[in-house]
Amino acid sequence: GEDTVSSSNEQDITAASLQGLVQANLDEALDGAMESAYFVVRARRACGRFPGTPAELERRVERTNKKVERDIKRGRELPERSNQGVPFAITANPDIIRAHLQDWYDACRQVRGMFSPDFREQLELAALGGDVMARYLYAVWPPGELDLGRAFEQQDRWESLAREFSRANLEAGEVAGLMAYADSYRRGSFTSENGDLALAFGLAALNCGFEPVSMGAFLADRINRLSSSDKPADQQRLEFVLVEAEGLGYYCR
């Protein structure tokens, strides 16, 4: 069915197709497809921002309805039907809003269920065995819930493994290594946070031939903003990013 057709195009996501697409891309990622791995990471992260409990879902429904009321008062035209593919799409109909958010809540709960402690252990074992994609998926998946009394040990262990796996991918000339560092520098997960290095690593991955649509657009936007700025600090940042990306390209030659 439509659910299991594999596509790594984010435009194809609906609440109904989400779990099937994530599962199909996860299978392909573990077979070595970087584009699929990137899709899975973005889908998991998007679901991480979506309500995770019934109470949070209720608050989201309430907030959305209030926003709709405000929009209508300001004379904004809202569609009667909702856009299936956008989790935060709003319509003028509160019943559709509730049904729509409930569908996304259920879909994201399924996706979160796929990223279980057991799956993390499987990834870790495969990564320790040298699997490139397992290294990447492990490194861009920080532990969420840490156990009280063991939080530091768990976090520290994950950070050092994530760094070790990403470094190994880098040394092996894998774009997955560049992408894991780009991700970590953007978020401050197993490295410090550094927007310029994040940009440089992302650009290096692009130069090494990895060009998913969503990433290309994001990077182009960042680079354009720096290059069209007349602030000396932005020009320095641009130079740093371009020179650094050029140097990092060494890892995929």
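Me: What covers the buried residues of α8?
Reply: In this predicted model, the cover includes α2 (34–48), α6 (132–139), α7 (151–171), α9 (195–207), α10 (213–227) and α11 (232–248). Each counts through contact, meaning heavy atoms within 4.5 Å.

Me: What makes α8 mostly covered?
Reply: Of its 13 residues, 11 are buried, where buried stands for under 20% relative accessible area. The buried residues are Val175, Ala176, Gly177, Leu178, Met179, Ala180, Tyr181, Ala182, Asp183, Ser184 and Tyr185.

Me: Why is the pair of Tyr185 and Phe201 called stacked?
Reply: Their centres lie 5.8 Å apart with the planes at 20°. The cut-off for stacked is under 30 degrees, so the pair qualifies. Tyr185 belongs to helix α8 and Phe201 to helix α9, so the pair ties together parts 16 residues apart in sequence. Both Tyr185 and Phe201 are buried.

Me: Which residues do ring pairs link into a cluster?
Reply: The cluster holds Trp158, Tyr181, Tyr185, Phe190 and Phe201. The whole structure has 11 aromatic pairs.

Me: What makes the charged end of Arg120 count as sitting over the ring of Trp141?
Reply: The charged end is 4.1 Å from the ring centre, and the cut-off is within 6 Å for CZ of Arg, together with an angle within 35 degrees of the ring normal. Arg44 likewise sits over the ring of Phe115, with its charged end 5.8 Å from the centre.

Me: Which residues touch the most other members of the largest nonpolar core?
Reply: They are Leu18, Tyr136 and Met179, in a core of 75 residues. Helix α9 gives the most to this core, with 9 residues. Leaving out residues up to four places away in sequence, Leu18 touches Ile13, Ala43, Cys47, Trp104, Ala107, Cys108 and Val111.

How values were computed. Residues are numbered from 1 along each chain as its sequence is written. This is a predicted model: local features need pLDDT of at least 70, side-chain atom pairs count only at pLDDT 80 or more; totals for chains, interfaces and linings use all residues. Side-chain values use heavy atoms; hydrogens and water are left out. Buried means under 20% relative accessible area, exposed over 50%, partly exposed in between (1.4 Å probe, protein chains only). Helices (H or I, at least four residues) and strands (E, at least two) are DSSP runs, numbered from the N terminus. A nonpolar core is a set of buried Ala, Val, Leu, Ile, Met, Phe, Trp, Tyr and Cys residues joined through side-chain atoms within 4.5 Å. Rings of Phe, Tyr and Trp (its six-membered ring) pair if their centres lie within 6.5 Å; planes under 30 degrees apart count as stacked, over 60 as edge-to-face and the rest as tilted.
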